[in-house]
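Welcome! Have a look at the sequence and the fold, and then let us walk through a few places together.

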Amino acid sequence: MTPYQLLFLYRGLVDHADRNVQTLKAEQAAHLNCRRGCSACCRDGFRVRAIEAFWLLGGVRHQGRMPGDLVAKAEPGRCPLLDAEGACTAYADRPILCRAYGVLVQVEDVTATCELNFSGVTGLDGMAALNLN
C-alpha cells in the first residue's frame, strides 16, 4: 500500500470518528464544558499515532510554519499547537483523540473524558463512548 493510499484511508477514519463524535456530543451535551480556547485536555499524557503525526505535520507545513519552531516555543506540558488564547492552530488536522476528547472515549478498558466534563456523574462505564481501541 502506498503512503497516499494510507492517508486516504486515514482521512476516511477521521471522517467516521467525526460523525460518531458529533452524535456523542449531541447525546452528552448537558455534561460537556468544551469550547474554543479551553485547552484543559491539551496537556501531557496523550500520544498520537505515526500516521496522525504525519498528517498533522503536513497541515502545519501547509500553513507555512515549521514544527521545530513550534515545539521550541511551547510551554512544558502544553500542546505546541495552541495559540495564546488556548485555541488549536491545527484544528482541521488534529489527531483523532483531540477530535474526540470531551465526549466519553474508551481506551483499552478505561472510559475517560476531560476532567471538566461530566462533573458529579458516576458510573461512566455504562455510558456510550467512542471506542479508540
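## A buried asparagine

Asn117 is buried, with a relative accessible area of 4%; buried means under 20%, exposed over 50% and partly exposed in between, with a 1.4 Å probe and protein chains only. You will find Asn117 in the loop between strand S2 (110-112) and strand S3 (130-131). Strands (E, at least two residues) and helices (H or I, at least four) are DSSP runs, numbered from the N terminus. Beyond its neighbours within four places in sequence, Asn117 is in contact (heavy atoms within 4.5 Å) with His31, Leu32, Asn33, Cys34 and Gly102.

## About the model

This is a predicted model, where local features need pLDDT of at least 70 and side-chain atom pairs count only at pLDDT 80 or more, while totals for chains, interfaces and linings use all residues. Residues are numbered from 1 along each chain as its sequence is written, and side-chain values use heavy atoms, leaving out hydrogens and water.

In soluble globular proteins, nonpolar side chains tend to be buried together. A nonpolar core is a set of buried Ala, Val, Leu, Ile, Met, Phe, Trp, Tyr and Cys residues joined through side-chain atoms within 4.5 Å. The largest one here has 15 residues, and Ile96 and Leu130 have the most contacts inside it. Helix H1 (3-28) and helix H4 (96-100) are the elements that give two or more residues to this core, with the largest share, five residues, coming from H1. Apart from this core lies another, of eight residues, including Val60, Leu70, Leu81 and Ala90.

Leaving aside neighbours within four places in sequence, Leu130 is in contact with Asn20, Val21, Leu24, Ala100, Leu104, Val105 and Gln106.
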